[in-house]
Amino acid sequence: MTKADDETGVLLYAFTCGYITLPTTYFIAGGEGKTKVPACTFLIDHPRGYALFDTGFSDRFVGLDKGLGKIVDMPEDHPISDRLEALGIDPARIDWIINSHLHLDHAGGNRLVPNATVIVQEPEWEFGLAGEDGAYAKEDFDTGHRVKKIAGEYDLFGDGTVTVFPTPGHTPGHQSCRVKTATGEAVLAGDCCNFRRSLDEMKPPEQVHNLDHYRGSLATLSELRRAGARIFYGHDPEFWSQVPQASELDLTTIES
Ligand SMILES: [Zn+2]
């Protein structure tokens with residue numbers, strides 16, 4: 001049994017699962033200096049099951065200060081399994097993991113959620129496995145989980161409340177998720193839109209996999225925002241600081 005029922009509708013929770021410090025141009029073209037950004041993850045509690053949107057960094061970064069550990073900060077209580085347990089939820093009870101994409105700041109916690117089926121766009125899975133991009137770590141995502149490879153939009157519970165949709169550009173098979181709750185509609189963007197400013201200025205990062213696709217994905221999000229959805233930007237420290245952690249989100253209080 002989940003906490004959500006027909007009366008509450010879908011409940012949404014946000015967690016930070018680690019941080020990474022990178023040149024700001026990695027997130028937005030023309031950005032200055034470096035920015036420490038959160039790895040943002042979400043629990044979607046639906047009357048018929050639990051889904052995660054992204055799982056943040058792996059617990060192998062806890063206490064690591066060499067290699068990638070120099071730019072990844074993973075506090076001891078940040079792994080997704082700890083986040084869930086702190087809410088009283090056994091990670092083994094999570095039914096689905098929706099990975100926006102398979103980079104190591106988004107799929108790192110998959111291993112800690114053993115019984116979930118991973119939902120990923122087919123081109124993302126193929127590209128990750130090809131191993132051409134250093135931001136993918138096979139040990140994070142090639143885990144033996146059941147993988148449901150999809151192509152295009154996917155209505156997870158068949159009732160229109162949780163809809164996965166492609167937002168390519170950052171990677172070939174990037175996807176985002178629309179979640180309808182009793183307090184409004186959330187769009188969990190992932191890295192198709194890093195900052196609020198990315199959308200305000202329609203500005204991609206300096207390096208993208210496909211610029212035309214990236215611009216198209218920003219346009220899709222812009223339309224959703226205009227229609228009243230709350231956009232949860234992929235890596236915006238300022239936006240994220242107003243999002244309450246580990247409690248039921250009331251979307252009327254979120255300014256996007
Ligand atoms: Zn990312």
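Q: Thanks! Let's start with M202: how exposed is M202?
A: M202 is partly exposed, because its relative accessible area is 32%. Keep in mind as we go that this is a predicted model.

Q: Where does M202 lie?
A: You'll find M202 in the loop between α4 and α5.

Q: And what is the phi of M202 about?
A: The phi of M202 is positive, about 50°, although M202 is not a glycine. For background, residues other than glycine mostly have a negative phi.

Q: Which residue other than glycine has a positive phi near 70°?
A: That would be D54, with its positive phi near 70°. D54 sits in the loop between β3 and β4.

Q: Is D54 buried or exposed?
A: D54 counts as buried, because its relative accessibility is 1%. The cut-off for buried is under 20%.

Q: Which sense do β1 and β2 pair in?
A: The antiparallel sense, over eleven bridges, with β2 made of residues 34-46. To find your place in that pairing, look for T16, which stands opposite C40 in β2.

Q: How many bridges are there between β1 and β4?
A: Two bridges, and that pairing is antiparallel as well; β4 is residues 72-73. There, I20 stands opposite V72 in β4.

Q: Let's go to the open sheet. What is the order of its five strands?
A: The order is β8-β9-β10-β11-β12, and the pairing is mixed. β8 (154-155) and β12 (230-233) stand at the edges with a single partner strand each, so one side of each has no neighbour in the sheet.

Q: What about β11 and β12, which sense do they pair in?
A: β11, residues 184-190, pairs with β12 in the parallel sense over four bridges. In this pairing, G190 stands opposite Y233 in β12.

Q: How accessible is D73?
A: D73 has 32% relative accessibility, so D73 counts as partly exposed. K36 is partly exposed too, at 42% relative accessibility.

Q: Which residue does R60 form a salt bridge with?
A: R60 forms a salt bridge with E139, and their closest N and O atoms are 3.5 Å apart. R60 lies in the loop between β3 (49-53) and β4, while E139 is in helix α3 (residues 138-141), so the pair ties together parts that are 79 residues apart in sequence.

Q: How exposed are those two, starting with R60?
A: R60 is partly exposed, with a relative accessible area of 30%. E139 also counts as partly exposed, at 45% relative accessibility.

Q: What about D200, which side chain does it meet in a salt bridge?
A: The side chain of D200 meets that of R225, at 2.8 Å from N to O. This pair also links distant parts of the chain: D200 belongs to helix α4 (residues 196-200) and R225 to helix α5 (residues 211-226), 25 residues apart. D200 is partly exposed, with a relative accessible area of 46%, and R225 is partly exposed as well, with 23%.

Q: Which residues do salt bridges with shared partners join into one network?
A: R60, E139 and D140 are joined into one network that way.

Q: Last one: which residues gather in the patch of negative charge on the surface?
A: The patch brings together D59, E76, D77, D82, E85 and D90.

Q: Where is E76, and is it buried or exposed?
A: E76 has its place in the loop between β4 and α1 (80-86). E76 is exposed, because its relative accessible area is 68%.

Technical notes. Residues are numbered from 1 along each chain as its sequence is written. This is a predicted model: local features need pLDDT of at least 70, side-chain atom pairs count only at pLDDT 80 or more; totals for chains, interfaces and linings use all residues. Side-chain values use heavy atoms; hydrogens and water are left out. Two strands pair if DSSP finds at least two bridges between them. Patches are made of residues with over 30% relative accessible area and no salt bridge: like charges are joined within 9 Å, nonpolar side chains (Val, Leu, Ile, Met, Phe, Trp, Tyr) within 5 Å. Accessible areas come from the Shrake-Rupley method with a 1.4 Å probe; for residues, only the protein chains shown count as cover. A salt bridge is a side-chain nitrogen of Lys or Arg within 4 Å of a carboxyl oxygen of Asp or Glu. Lys and Arg count as positive and Asp and Glu as negative; His and the chain ends are not counted. The place of a charge is taken as NZ of Lys, CZ of Arg, CG of Asp or CD of Glu. Buried means under 20% relative accessible area, exposed over 50%, partly exposed in between (1.4 Å probe, protein chains only).
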